[in-house]
Amino acid sequence: MRNKVEIMAVKGGITQQPDIMAIVNAANAHLTTGGGVAGAIHHAAGNDLFRECQDLAPIKPGEAVITKAYNLPNDYVIHCLGPVYGKNKPEDVLLAKCYTNVLRLAEKNQITSIAFPAISTGAFGFPMEAATGIAIKTILAELPSLKHVEKIKFVLFSQEDLDIYQKKLAEVQ
Ligand code: AR6
(Lines give C-alpha, C1' and ligand atoms only; values in the text may rest on other atoms or scores of the structure.)
Protein backbone atom coordinates (compact mmCIF):
# COMPACT_ATOMS: atom_id res chain seq x y z
CA MET A 1 0.00 0.00 0.00
CA ARG A 2 2.78 2.41 0.96
CA ASN A 3 4.43 2.23 -2.47
CA LYS A 4 1.19 3.32 -4.09
CA VAL A 5 1.26 6.82 -2.56
CA GLU A 6 3.59 9.33 -4.15
CA ILE A 7 5.04 11.78 -1.61
CA MET A 8 6.98 14.84 -2.72
CA ALA A 9 8.11 18.28 -1.58
CA VAL A 10 8.26 21.34 -3.85
CA LYS A 11 9.02 25.02 -3.52
CA GLY A 12 6.04 27.21 -4.38
CA GLY A 13 2.74 28.76 -3.39
CA ILE A 14 -0.17 26.68 -2.12
CA THR A 15 -2.59 28.47 -4.46
CA GLN A 16 -0.59 27.47 -7.54
CA GLN A 17 -1.04 23.70 -7.50
CA PRO A 18 -3.45 22.96 -10.39
CA ASP A 19 -2.58 19.25 -10.49
CA ILE A 20 -3.96 18.77 -6.97
CA MET A 21 -7.57 17.98 -5.99
CA ALA A 22 -7.49 19.42 -2.45
CA ILE A 23 -5.20 22.03 -0.95
CA VAL A 24 -4.85 22.48 2.79
CA ASN A 25 -5.35 25.82 4.49
CA ALA A 26 -3.32 26.72 7.60
CA ALA A 27 -6.42 28.44 8.94
CA ASN A 28 -7.39 30.52 11.93
CA ALA A 29 -10.17 29.40 14.30
CA HIS A 30 -12.78 31.61 12.63
CA LEU A 31 -11.85 30.50 9.12
CA THR A 32 -11.38 34.11 8.07
CA THR A 33 -8.70 35.52 5.81
CA GLY A 34 -5.64 36.56 7.86
CA GLY A 35 -2.13 36.45 6.39
CA GLY A 36 0.18 33.72 5.07
CA VAL A 37 -1.44 30.65 3.57
CA ALA A 38 -4.97 31.60 4.68
CA GLY A 39 -4.65 35.07 3.16
CA ALA A 40 -3.39 33.67 -0.14
CA ILE A 41 -6.14 31.02 -0.30
CA HIS A 42 -9.02 33.41 0.50
CA HIS A 43 -7.66 36.02 -1.89
CA ALA A 44 -7.42 33.51 -4.74
CA ALA A 45 -10.68 31.67 -4.00
CA GLY A 46 -12.87 34.77 -3.59
CA ASN A 47 -15.76 35.77 -1.34
CA ASP A 48 -17.79 32.59 -1.87
CA LEU A 49 -15.17 30.70 0.11
CA PHE A 50 -15.45 33.18 2.95
CA ARG A 51 -19.24 32.72 2.96
CA GLU A 52 -19.10 28.92 3.03
CA CYS A 53 -16.55 29.07 5.85
CA GLN A 54 -18.81 31.11 8.09
CA ASP A 55 -21.20 28.16 8.58
CA LEU A 56 -18.33 25.88 9.62
CA ALA A 57 -16.48 28.15 12.08
CA PRO A 58 -15.16 28.16 14.73
CA ILE A 59 -12.84 25.16 14.77
CA LYS A 60 -10.44 24.00 17.49
CA PRO A 61 -6.70 23.25 17.22
CA GLY A 62 -6.20 19.95 15.40
CA GLU A 63 -9.63 20.06 13.71
CA ALA A 64 -10.24 20.18 9.96
CA VAL A 65 -13.24 21.06 7.77
CA ILE A 66 -13.74 20.88 4.00
CA THR A 67 -15.16 23.39 1.52
CA LYS A 68 -15.27 23.88 -2.21
CA ALA A 69 -12.34 25.75 -3.80
CA TYR A 70 -14.27 28.33 -5.91
CA ASN A 71 -11.81 30.36 -8.03
CA LEU A 72 -8.83 28.21 -7.11
CA PRO A 73 -7.68 25.61 -9.66
CA ASN A 74 -8.59 22.79 -7.23
CA ASP A 75 -11.80 21.00 -6.21
CA TYR A 76 -11.59 21.41 -2.44
CA VAL A 77 -9.92 23.32 0.36
CA ILE A 78 -9.40 21.47 3.64
CA HIS A 79 -9.08 24.05 6.41
CA CYS A 80 -7.10 23.00 9.42
CA LEU A 81 -6.26 24.91 12.61
CA GLY A 82 -2.72 24.21 13.76
CA PRO A 83 -1.56 24.80 17.34
CA VAL A 84 -0.06 28.14 18.35
CA TYR A 85 3.42 27.17 19.53
CA GLY A 86 3.81 27.75 23.27
CA LYS A 87 0.07 28.16 23.78
CA ASN A 88 -2.01 25.21 22.53
CA LYS A 89 -0.55 22.15 24.25
CA PRO A 90 0.65 19.53 23.67
CA GLU A 91 1.73 21.17 20.41
CA ASP A 92 3.18 18.04 18.83
CA VAL A 93 0.01 16.02 19.43
CA LEU A 94 -2.23 18.79 18.09
CA LEU A 95 -0.07 19.26 15.00
CA ALA A 96 -0.12 15.52 14.31
CA LYS A 97 -3.92 15.59 14.68
CA CYS A 98 -4.07 18.21 11.91
CA TYR A 99 -2.39 15.91 9.41
CA THR A 100 -4.42 12.87 10.49
CA ASN A 101 -7.74 14.73 10.36
CA VAL A 102 -6.95 16.26 6.96
CA LEU A 103 -6.14 12.84 5.50
CA ARG A 104 -9.28 11.29 6.98
CA LEU A 105 -11.45 14.05 5.51
CA ALA A 106 -9.70 13.59 2.18
CA GLU A 107 -10.47 9.87 2.24
CA LYS A 108 -14.10 10.52 3.17
CA ASN A 109 -14.42 12.75 0.10
CA GLN A 110 -12.58 10.37 -2.23
CA ILE A 111 -9.79 12.85 -2.82
CA THR A 112 -6.86 11.45 -4.77
CA SER A 113 -4.27 14.22 -4.42
CA ILE A 114 -3.57 16.68 -1.66
CA ALA A 115 -1.12 19.57 -1.05
CA PHE A 116 -0.05 20.59 2.45
CA PRO A 117 1.66 23.82 3.51
CA ALA A 118 3.86 23.65 6.62
CA ILE A 119 0.99 24.11 9.10
CA SER A 120 1.75 26.25 12.21
CA THR A 121 5.30 27.19 11.09
CA GLY A 122 4.50 30.80 10.17
CA ALA A 123 2.42 33.11 12.36
CA PHE A 124 1.88 30.26 14.86
CA GLY A 125 5.63 29.92 15.48
CA PHE A 126 6.19 26.14 15.39
CA PRO A 127 9.91 25.44 14.69
CA MET A 128 10.25 24.14 11.12
CA GLU A 129 12.48 21.13 11.81
CA ALA A 130 10.24 19.77 14.54
CA ALA A 131 7.06 20.47 12.55
CA THR A 132 8.51 18.71 9.50
CA GLY A 133 9.32 15.60 11.51
CA ILE A 134 5.77 15.47 12.89
CA ALA A 135 4.17 16.03 9.46
CA ILE A 136 6.15 13.27 7.77
CA LYS A 137 5.90 10.77 10.63
CA THR A 138 2.14 11.27 10.91
CA ILE A 139 1.56 10.90 7.19
CA LEU A 140 3.67 7.75 6.99
CA ALA A 141 1.64 6.26 9.83
CA GLU A 142 -1.60 6.95 7.92
CA LEU A 143 -0.46 5.44 4.61
CA PRO A 144 -1.78 1.92 5.27
CA SER A 145 -5.31 3.28 5.74
CA LEU A 146 -5.37 5.37 2.54
CA LYS A 147 -7.61 4.00 -0.20
CA HIS A 148 -8.16 7.08 -2.36
CA VAL A 149 -5.21 9.43 -1.78
CA GLU A 150 -2.45 8.61 -4.26
CA LYS A 151 -0.38 11.76 -4.20
CA ILE A 152 0.74 13.95 -1.29
CA LYS A 153 2.64 17.14 -2.03
CA PHE A 154 4.30 19.36 0.57
CA VAL A 155 4.45 22.94 -0.69
CA LEU A 156 7.16 25.05 0.93
CA PHE A 157 7.57 28.75 0.55
CA SER A 158 11.38 28.99 0.83
CA GLN A 159 14.36 26.99 -0.40
CA GLU A 160 15.50 26.62 3.20
CA ASP A 161 12.19 25.00 4.21
CA LEU A 162 12.23 22.79 1.12
CA ASP A 163 15.74 21.59 2.04
CA ILE A 164 14.50 20.59 5.50
CA TYR A 165 11.61 18.60 3.99
CA GLN A 166 13.76 16.93 1.36
CA LYS A 167 16.34 15.89 3.90
CA LYS A 168 13.71 14.36 6.18
CA LEU A 169 11.91 12.66 3.29
CA ALA A 170 15.18 11.15 2.07
CA GLU A 171 15.71 9.66 5.52
CA VAL A 172 12.43 7.75 5.39
CA GLN A 173 11.91 6.89 1.71
N1 AR6 B 1 2.05 28.93 0.01
C2 AR6 B 1 2.74 28.01 0.72
N3 AR6 B 1 3.30 28.28 1.93
C4 AR6 B 1 3.11 29.52 2.43
C5 AR6 B 1 2.37 30.52 1.76
C6 AR6 B 1 1.81 30.18 0.49
N7 AR6 B 1 1.11 31.06 -0.24
N8 AR6 B 1 2.36 31.65 2.54
C9 AR6 B 1 3.07 31.36 3.65
N10 AR6 B 1 3.53 30.08 3.58
P11 AR6 B 1 1.09 30.63 8.08
P12 AR6 B 1 0.30 29.22 10.55
C13 AR6 B 1 4.30 29.31 4.58
O14 AR6 B 1 1.43 31.83 8.87
O15 AR6 B 1 1.67 29.33 11.14
C16 AR6 B 1 -2.78 33.27 9.22
O17 AR6 B 1 -2.80 34.62 9.41
C18 AR6 B 1 4.97 30.07 5.69
O19 AR6 B 1 6.28 30.47 5.31
O20 AR6 B 1 0.30 30.81 6.84
O21 AR6 B 1 -0.44 27.92 10.69
C22 AR6 B 1 -4.07 32.56 9.63
O23 AR6 B 1 -5.19 33.40 9.48
C24 AR6 B 1 4.99 29.05 6.81
O25 AR6 B 1 6.13 28.18 6.69
O26 AR6 B 1 0.26 29.56 8.98
C27 AR6 B 1 -3.83 32.17 11.05
O28 AR6 B 1 -4.19 33.17 11.97
C29 AR6 B 1 3.75 28.20 6.57
O30 AR6 B 1 3.35 28.48 5.23
C31 AR6 B 1 -2.32 31.95 11.12
O32 AR6 B 1 -1.76 32.69 10.05
C33 AR6 B 1 2.58 28.49 7.50
O34 AR6 B 1 2.46 29.89 7.75
C35 AR6 B 1 -1.92 30.51 10.94
O36 AR6 B 1 -0.55 30.37 11.21
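Modeller: Keep in mind that this is a predicted model. In the largest pocket, 30 residues form the lining, and Ala26, Gly36, Val37, Ala38 and Gly122 lie nearest its centre. Helix 1 (36-45) and strand 6 (151-156) are the elements that give two or more residues to this lining.

Colleague: How much space lies in the largest pocket?

Modeller: The general idea is that rolling a probe the size of a water molecule over the atoms shows where empty space is left. Here, the largest pocket holds about 590 Å³.

Colleague: Which element gives the largest share of the lining, and how do the residues divide into nonpolar, polar and charged?

Modeller: Helix 1 gives the largest share, with 4 residues. The lining as a whole has 16 nonpolar, 13 polar and 1 charged.

Colleague: Now serine 113: is it buried or exposed?

Modeller: Residues under 20% relative accessible area count as buried. Serine 113 has 7% relative accessibility, so it is buried. This serine 113 sits in strand 5 (residues 113-116), and a polar atom of its side chain is 2.8 Å from the backbone nitrogen of methionine 21. Beyond four places in sequence, serine 113 touches Asp19, Ile20, Met21, Ala22 and Lys151.

Colleague: And what does valine 10 count as?

Modeller: Valine 10, in strand 1 (residues 6-11), counts as partly exposed because its relative accessibility is 24%. Setting aside neighbours within four places in sequence, valine 10 is in contact with Lys153, Phe154, Val155, Leu156 and Leu162.

Note on methods. Residues numbered from 1 in each chain as written. Predicted model: local features only at pLDDT ≥ 70, side-chain atom pairs only at ≥ 80, totals over all residues. Heavy atoms only, no water. 1 Å grid on protein atoms, 1.4 Å probe; cavity = no way out; pocket = protein on both sides within 12 Å on 5 of 7 lines; lining within 4 Å. Points joined across faces, edges and corners; volume = space filled by probe spheres on them. Nonpolar A, V, L, I, M, F, W, Y, C, P; charged D, E, K, R; others polar. Buried < 20%, exposed > 50% of the residue type's maximum accessible area, 1.4 Å probe, protein only. Polar contact = N/O pair within 3.5 Å; in protein donor to acceptor, adjacent residues only side chain to side chain. Contact = heavy atoms within 4.5 Å.
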